[in-house]
Amino acid sequence: MIELPGLWYPKHSAAQSAALLELDSQVFRLRVDGEILDQGEAGTLSFSQRVGNIPRRISFADGSVLVCDDNDRIDQWLAQARHSDQRFNILHRLESQWRWIALSIVLVLGLSAAFVWKGIPWLSGEIAAALPTDVYQSLGTGTLAGLDKWLLAESELPAHRQQQLSGRFEQILAATEHQDYRFKLHFRAIKDLPNAFALPSGDIVVTDELIALAERDEEIDAVLLHEIAHVLQRHGLQRVIHSSAITVIVTLLLGDATSLSGIAVALPTFLLESSYSREQESEADEFALQQMVQQGIDPVHFASIMRKFLATETPAADGKAPLDDDEDSVTEVNNYLSSHPATEQRIQRALEFSRQHQE
Amino acid sequence: MAEAYNTNSSQFEFSGRGGEYFKIWIVNILLTLLTLGIYSAWATVRKRRYFYGNTSLDGNAFEYLATPWMILKGRLVAVAALIIYSLVSHFYPLAALALLLLLALAAPWIIWNSIRFNTRMSAYRNVRFSFYGKIGPVYFNILMLPLIPLLITAVLGFVLYFTGLVSEQKIALLTIPGILAFYLILPLVQARMAGYFINHAAFGQGKFTAEIGAGTYYTTYLKAFLITIGFLIAFVAIAALASMAGAISSMGNMQPGQMPQGPIVAIMILAYVLMVSIFIWIGAFVAVRIRNYLFDSTSLDRNFQLQSTMATAGLFKVYLTNTLIVILTLGLGFPWAAVRLARYKAEQTSAEVAGDLSGYVTQQQSYQSALGDELGDAFDLGMDIAL
């Protein structure tokens, strides 16, 4: 038999009395001031789960409660008496033994790392690939109209030039085996912004400023192939999945870290999202460069349009400002901050392909 | 009674320990990961029970009584809504606007539900806290009040437009005072919501009361705003000086516009650290002023007066060291940070009681709703957001 000293409260009442709960494996007896107040089968008692060393609530059938902080004795008794509330104590056992804690630390770090670096990209890739092409075609039908209203101006490119470029677009597109996607090239203008971007539906927008920047049509081909890759590899949806997954995970891990400071949460979120984005850009670059080699367009043109982006100090394709400079030590830092890989690296990669092309 | 005039001060105490909470926290995370987030409801309950159960007043600990199932229900609804919203907003921005409108309409209900839930799940000495506020004021304070300045500007704009007295461009300029007024009214919204919450909260039969005005909110935000502006100006000035110095020193052998890279990185990092510290300081300043004001205004049956003695410097020190702990340990130090914050808050909180605290509390009984707690819980979504 064990004796648990505690404070006893009648149902719903704050009036407390010092009490003693006597427990053996079958029956309990509750004493207040030495007098027996209640007794019965021990199985009718219910015990709150143990968390750390906070006081436990032991509830009686009549709704009264004994609060007792002798956690170890309670747990001992629960185990001996095989009380049904004992089954939850597994959580406390996990939480109180350092070998389980050590294992938890290793598993949490490992799982988070694996999930962030492999799991999220894999999951978003699978989901994006599983959706039928029809869904993508219907996605964002309103997006271009919205952009036209707020951001894009009409193209001032002469009709014959538009036709000529659309023709080239169809040609490079035909060679990419794009299955059943319906691609369409749109000409628009954004002041001072040589740019091109793709919508998940296969609508690709190129600005007059970009066409003016390019000295040769092969340079435009390079940019368009990069954008085609984003559509075919379904990067748009993947990015949505990435950012929702990261938000959920960081919130889960740090919980109400907002009470600490937003910095602790915002920084890892931002770093991870730019890391995924950089991977997508590299993927799209690889696709574009391979296609150029296959289609007999010298990848050197990819390098030359990149150089021009760099010179105008405007964002490369997709309208996100790359923070990269060609200062080496800073590039090292910026690699982790930038949404695009360093332009110089992209140029070098293109030149490698170019050598391959010439051989 | 003579003894009613004696006031006793009772100090809140927090007895949690970082190492102990770390073990609970890491198991919470592991099981949450392994169950793909479902365990998070259990994790929340364990975390809350740990912090409530380790906070005590007059030797008696607080209790958190929610069950994980209540919280799980609320979370599932929230996650479903989040997924739908993020997909829709990405692909159909216009439809997402409609969803946002829907969310705006639901927000007061969610907030009300959350206040009610969290209050009712808290207990002290076997007696629950409760919240009996009606939903109407939440809609008024959160949806109507902030819209009033915008509505006035819109009406004014229409009138001016149709009378043709003023050109369209000048009417468009009206949006500036409109938006300004919107921001100016937010402290009032906050003050009214705080007053609404406190004045409809109860402990047993005891009712909390507080006269909350918006004055403290306005002076606090004004000061925080002025300090921010002051720092920003100082910042820009220093940056300008630094870049001038850089330009002069690099004139000889470097290309124009290029600076030595070592110093530039160091300056960037230093500037970032300084900025973050300033924001943390301002965060602490606002939190301290408002908390002290609210606590010092709050009493229970005019028998029991809360007191908060926080100081900006003290809270700033806790915030700053906590941020460092979390960053330097790659997040693993979070439990220590959370415990330090809870301990600081408890240390700075006390209650003045007329007469005997225990004597007063003893008279309280849990407020019984007509439906009974069990039925109430069944309909509860366990919505749980921090205000």
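Which helix of chain A is the place of Arg161(A)? That's the starting point for these close-ups of a predicted model, where local features need pLDDT of at least 70, side-chain atom pairs count only at pLDDT 80 or more, and totals for chains, interfaces and linings use all residues. Residues are numbered from 1 along each chain as its sequence is written, chains are lettered from A and ligands numbered from 1 in the order in which they are written, and side-chain values use heavy atoms, leaving out hydrogens and water.

**View 1. Arg161(A) in helix α6 of chain A.** The helix covers residues 159-174; helices here are DSSP runs of H or I, at least four residues, numbered from the N terminus. Arg161(A) counts as buried because its relative accessible area is 19% (the cut-off is under 20%, with a 1.4 Å probe and protein chains only). Setting aside neighbours within four places in sequence, Arg161(A) is in contact (heavy atoms within 4.5 Å) with Ile211(A), Asp217(A) and Ile220(A).

**View 2. Val189(B) in helix α8 of chain B.** This helix runs over residues 175-199. Val189(B) is buried too, at 9% relative accessible area. Beyond its neighbours within four places in sequence, Val189(B) is in contact with Asn141(B), Leu145(B) and Pro146(B). Asn118(B) sits 71 residues away along the chain, with 21 Å between its C-alpha atom and that of Val189(B).

**View 3. The largest nonpolar core.** A nonpolar core is a set of buried Ala, Val, Leu, Ile, Met, Phe, Trp, Tyr and Cys residues joined through side-chain atoms within 4.5 Å. This one has 58 residues, and Phe203(B) is among those touching the most other members. Helix α1 of chain B (residues 18-34) supplies the largest share, 9 residues.

Note on methods: Helices (H or I, at least four residues) and strands (E, at least two) are DSSP runs, numbered from the N terminus. Buried means under 20% relative accessible area, exposed over 50%, partly exposed in between (1.4 Å probe, protein chains only).
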